[in-house]
Amino acid sequence: MKKVDAVIVGAGAGGGVVAKELAVNGLSVVLLERGKWVTANDCRKDDLRNQRNSTLGNNTGPDDEGNPRVVVDPSGNERIVRPSQPGYMNNAACVGSGTATYGAMAWRFHPNDFRMKSTYGCPEGSTLEDWPVSYEDLEPFYCKAEWEIGVSGNDAGNPFKGPRTKPLPMPPLPPTREHRILEVAAKRLGLHPFDIPMARNSVPYGGRPPCMRCRWCVGFICEVNAKGGTQNTVIPTALQTGNCEVRTRAMVKEILLDDRGRATGVAYFDANDRLQKQEAELVVVAGGAIESARLLLNTRHRLFPRGLGNRHDWVGRNLQGHTYVGAIGYFEEPTYDDLGPGAGIALCDFNHGNPGLRGGGVLANEFIRLPYQFLSRLPPGTPSWGIAHKDAMRRYYRHTIVILGPVQEMPIFEARVQADQRVKDRWGIPVARLSGGKHPHAIEIGEFLVGKATVWLQEAGAIRTWEVINRNLVLSGGQHQAGTCRMGNDPKTSVVNRYCQLHDVDNVFVVDGSVHVTNGGFNPALTIMTIGYWASDYIVRTWKGTRFRS
Amino acid sequence: MNRRRFLQAAAAATGLTAASCAVVPRGRSLNGSEMATLEAICEQIIPADQDPGAAWAGVANYIDRQLAGFYREYRPIYRAGLAEADRRSGGSFAHVPAKRQKEILRQMEKDETTKAFFTLVVSHTMQGFYGDPRHGGNRDYCSWRMLGVPPSPVRGRNQYDLTGGSRS
C-alpha cells in the first residue's frame, strides 16, 4: 500500500481530531479503526444490548467472540472476560468510538485539574503529578473543540470554571422537570447550578439537526445525528479534503520499526483477516488507554525489549477512570418527565477547595433512564423479587431524581494494563491484562460528594434519600479510561512529552486519554479532543516531510 | 374489561396462577414441562396484580430464546434448577398452590445448591419483563406501560428533515 505521511490507529475522540487536523493541513492520512462505521440504521434501539447496558451483548463492538481480556481482581484471581462482561472496561469499537455512543457531556477540566500535585501534594501510595501543560495552554484548543464538534449549554452561572475566550456556540436545551426542581433548590443552598455543556445540538449546527429529546441517548448512536462525535464532524471533514482514507475493521498488530528504532508504519489485519502493512512517516496511536498501551507493549524491538516507549516501565501504568458516586431522592410528586437526554444541570461547587480533600468532582442529574436500568436504582432493602419488588418499581420510577458525579482519582502505579502473552485474541495478538485497584482517597471524596448530593436532594423536597457508592477499591477505567501513557517532561517518569510525542521515538505519538496525567472530576471526552487539537498543532507546525524542525 | 384483565381477575378469584391455566408449549431450549415450571417461577418473581405479571409478559419465552443464543452456557443450570423445583413440589411446580410455590422459592433462594440458579432466574426474569419486547418478553410493552413510559412511536429512519430547526 502507498506510503502516507501519517497512519492513525483508532478513530475515536483523539484519532478523529488528529486525522482532520493533519488532512486539512495537507498531510496524507490513513485512519485505521478496528470496528465498523456504525449508524443508527444498523444499530437498533435496544435497552439490553448497547454500550450502556451490555446484558445481551453490545451493538457497537467489539464482537463478544474473539476479543477477550484478562482481568485480575485485587486478591489476585484472574479471569478471562468478554467485551459484554463486567470488568472488561469496554469502549465502543466503531468509527467515533465513545463519541458515537456517549451521553455527550463536554466538560473542560478545571485549571487545578492540570496541577493536582502542586495544589494538594501527593498522597501516600499515589503517583499524583502535575500535567506538563496548563489550562491556559489548552484553552484555545478547548474553544476549537467546542466550535468544531458543536457544544450547547450555558456555563455563565459557573463561577468556578477556568476563563474562556469564546462562548459556547449553542444555547442549552430547555430544562426538564427535575432540572427545574434541582435548580431552585441549589440556589436556596447558595450553590451555583448551570446548564451542562454537551456535544449535542440544541439548534441546527454544522449541518446537523437539533436533539429530538428521545430516550435512546446515552449508550446509543443518535438517530438524527444531533449528538456530535468525531464520526459526524471532524472525520467527514477529513474525508472531504481528499487527503484522508478511513479503513474500518482494521486491527493493528504492531508498530513497525527500522533498525534504529524509528517507526516506519504499522502492521494490521484487514477486514478479511489478511495481514497488511501501512507505511507512514508518522504513527499516531489513539486506541484508548487500554488498547493504546496494549499496542505499545506488543511492539517489541531490539532497542525496546519491554515494549515501545516502555524503557522505564511506565507504559500501561496509572490506569484510571472515574468512581461514580451520588445519591437518589424519592419525591412525593412525579419528578421524571422522560425527556432526553435527561442530564442537564450541574454544580462545580465541589470540584476543588473541599476541606481535607484533594480535588472532588462535578455533580449532575443523571441521564435518562430506561426501565431496565432503573432496577439498580431501587432503595436498599427492597426485596429482590415478588410483589414488593414490582410495587417498588411502580412507586419509585417516576418519583426519583438521581444525582451522580465522577470522583477525580489519585493515580496509582499498580493499576495497570499489560499484554498477556498466554491469552490471544482471534488474530493471535496478546490481549490486554488489567490488574490493580484504586487509591483509597477516591472513597473519601466519594463519601463527601454523597453527602452533598443528599443535601441537594433533601433541599429539593426528597422525602427519602439513599446513597450511590461502591466502597470496594476496584480498578476503574471503563469508558473514561485514562492515564496509561502519561505525559511529562521527565522521560524516566512518563511516556510522552507535552506534545504527546514518545520520549523514545520522535515519530510516534499517543493521542487519547492515555496521556492524561490525572483525569479531572469530569467526563474526559472534550479534553481528549482538545489534546488532539493541541498535539496536531505541534505536528503541523514542526513536521517537515521526514523529520521535525528543530 | 379486556381479555387480559378478565383472565387476570379470573385467575385471582380462583387462586390459580396464570401458568397453570394452560398447557405451555415446548420452547427452543426447554421442553413443555420445563417451560411450564419456568413460567410459574417467573410469575412468582413478578406476579400479576392490577398490572400483568411475568407469565403474561412472556418472560419464559424470553429466557428460552436466550438459552438458545446468548445464554446458551446457562442451559445446564436451568435444566437442573427447574428439575429441582419440580422435585421439591412432588411432581410439577406449576401445579402446586401459589403459597407453596413461594415457600419453595424462598427455600431455593437460601440453599447453597440452588442459590445460583435462583439468582440467575431472578435477574433474567427482570430482563425479560422490563427489557425491550424484541427479545421475546415484555409483551405489548406491558411493563413500560405500567411505569408510565409509553413505547416509542414507530419512526422512519433517515426520513427526517429537521434541518429547519424544529425543537421538540
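A salt bridge (a side-chain nitrogen of Lys or Arg within 4 Å of a carboxyl oxygen of Asp or Glu) joins the side chains of B:Asp49 and A:Arg394, with N to O at 2.6 Å. Four salt bridges are found by this rule across the interface of chain B and chain A. The model is a predicted one, in which local features need pLDDT of at least 70 and side-chain atom pairs count only at pLDDT 80 or more, while totals for chains, interfaces and linings use all residues. Residues are numbered from 1 along each chain as its sequence is written, chains are lettered from A in the order in which they are written, and side-chain values use heavy atoms, without hydrogens and water.

Turning to the interface as a whole, 48 residues of chain B are in contact with 44 residues of chain A, contact meaning heavy atoms within 4.5 Å. The two chains bury about 3900 Å² between them, 57% of it on carbon and sulfur atoms; this is the accessible area (1.4 Å probe) lost on putting the two parts together, summed over both.

Strands here are DSSP runs of at least two residues (E), and helices are runs of at least four (H or I), numbered from the N terminus; two strands pair if DSSP finds at least two bridges between them. Strand E3 (residues 69-72) of chain A runs parallel to strand E16 (residues 430-435) of chain A, paired over two bridges. Within E16(A), A:Leu434 is the residue opposite A:Val71.
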